[in-house]
Amino acid sequence: MRFILPHTVVAMRLAVLMFLSLTAMSGHHSMVSGQDDLADVITRSERSVVRIEVDGLGGAALGSGFVVGADGLMVTNVHVMAGASKAIAKFADGRSHEITGTYVIDVNRDICVARLAGSGFDPIILADALPRKGEQVVALGSPRGLSFSATRGIVSAIREQNEFREMVGRPKIEGTWVQIDAAISGGNSGGPLINSRGEVVAMSTLGSAGDAQNLNFGISVDDIRVAVDKAKQSRIVDLRTGVGRIEMAEVSPEATESMITRGEIPVHALEDYIERGRLEYRELAKDLRTGLTREKKVLDWMRSGETYIPPGASRSEVAVERFPRIDRYYFRNESVKRRRVAEQQSLVSRLERVKNQLGREADDESLFALLMNGGPWLDPRGLHKIGYMYEGIVLHAFNEHDVIVIYNELPYLMWVKSTAGLSTGQKISPTPVYVAGTETMAIPGVGSQSVTILNSVTETEIREAIFGKSSVSHSSDEFRTWTDSTGQYTIEAKLVEVNGSQVVLEKPDGTTVKLLIEKLSLADQRHIEN
């Protein structure tokens, strides 16, 4: 919500009156030359605009969209549909239609082309060209849940991707962006920006926050048209199977830079965590072995699981039916089952490897292995202390390092080494965590609230605290995300050996892979050199 000072209101009214007077004197017919003309344009355009209500793993969400084909082809933002297991589009006249699937998911332009169930819709027209600076536009949508609202402004500028990347701090963003001063808020996302003829010139995507007044952006009609044309040649991905939801990246355009400043973990916190580990070593080692036995059973149960979701759990991709001696697993489809079984196998392999490393007493090597894979439990109330997080669930991942996680049914803002591959509903890999403090901040989709900040503790920090800095070498490098030179493929692994033109990487499940150094990204090559 934006508040406008009284003197600003007076200035705005004077500016509008002057504009109307000049228009009337010149004899030109403009968008605002008659209130009825503007009202007619909005009324006609709103037939194609929808309020989108999303139900997903992260809870309910709201956005907007617009129909571009009589057959139900529609456009919205990726971040509106991200994580959706079910989505309903509602028109101003009260009609409701399910969004059945997606054709195009362009994360870097925040464009999603989807399909409405049904036919005979009123499509909105896409403009043939970009708007000019100073041209008037109207933003249609559901800001803050206020359905089918209209706000008016002008085009402030046309921004190409390189300039826009620097402005908003998102280096991977692409496309041409239309800067406007029309007010838009969260629920406007995915709604059309129309010109005086009711043609779409852009789609609302990014609204101003903090001190940035009326600094709002939409992805251009040129980019929208390319996505729509591509959709007409693409195969639909059924949203109800969960495949479309899994393949969508979690996106939060409102969060343009990291919310957490992650400093070094204090020495006293590391020393305290290590000392607690020594004192509780035997009990923790016993818990790890018991946990391994349990995880093996879960793996067997998952492998024998069925690929359908029982009635009553239709919104989930995985359902579990618990009995005294066995758990029965149900998966939405075979793809989900293979992924979840692979994740569970990786966990079992890692715990098996750690169990074999543990000695009878708490020698340094045994203690290090244990603290990285099953240390003293995390108490989020233990300010400036470290504990081991076993069951953290991703609620919302955004930026390079920030994740909102659910732990013991409460939300926390957490710094992680990389958010690559994280999506709503996924488990955070068990890890030691430092309780950094509590701050009040604005969280996208949640609002302003007080949250506890958690920082994941790296393998290097634990190793240095036990063995000293001289012990850290390539052979004990921490797990990190490695990327190939094209930026298309990643792998979570740690560096084991550099052998001429090759590197040997070890994945979390203990398996190793060999890669040519020249095939890695420049950042990874520099990491090896250092």
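Is Asp327 buried or exposed? Asp327 is buried, with a relative accessible area of 5% (buried means under 20%, exposed over 50% and partly exposed in between, using a 1.4 Å probe and protein chains only). A quick note before the views: this is a predicted model, where local features need pLDDT of at least 70 and side-chain atom pairs count only at pLDDT 80 or more, while totals for chains, interfaces and linings use all residues. Residues are numbered from 1 along each chain as its sequence is written, and side-chain values use heavy atoms, with hydrogens and water left out.

**View 1. Asp327 and its neighbours.** You'll find Asp327 in strand β15, residues 327-331 (strands are DSSP runs of E with at least two residues, helices are runs of H or I with at least four, and both are numbered from the N terminus). Leaving out residues up to four places away in sequence, Asp327 touches Arg294, Trp301, Val320, Glu321 and Arg322 (contact means heavy atoms within 4.5 Å).

**View 2. The polar contacts of the Asp327 side chain.** One, of 3.0 Å, goes to the side chain of Arg294, and another, of 2.5 Å, goes to the side chain of Arg322. Here, a polar contact is a pair of N or O atoms within 3.5 Å, one able to donate a hydrogen and the other to accept it; residues adjacent in sequence count only if both atoms are side-chain atoms.

**View 3. Helices α10 and α11.** The axes of α10 (residues 364-374) and α11 (residues 459-467) come within 10 Å and cross at roughly 155°. That makes the pair roughly antiparallel (angles over 145 degrees). Phe368 and Leu371 are among the α10 residues that meet α11.

Terms used. Axes are lines fitted to C-alpha atoms, for helices over the stretch in contact, and angles run from 0 to 180 degrees between N-to-C directions. Angles under 35 degrees count as roughly parallel, over 145 as roughly antiparallel, 65 to 115 as roughly perpendicular and the rest as oblique.
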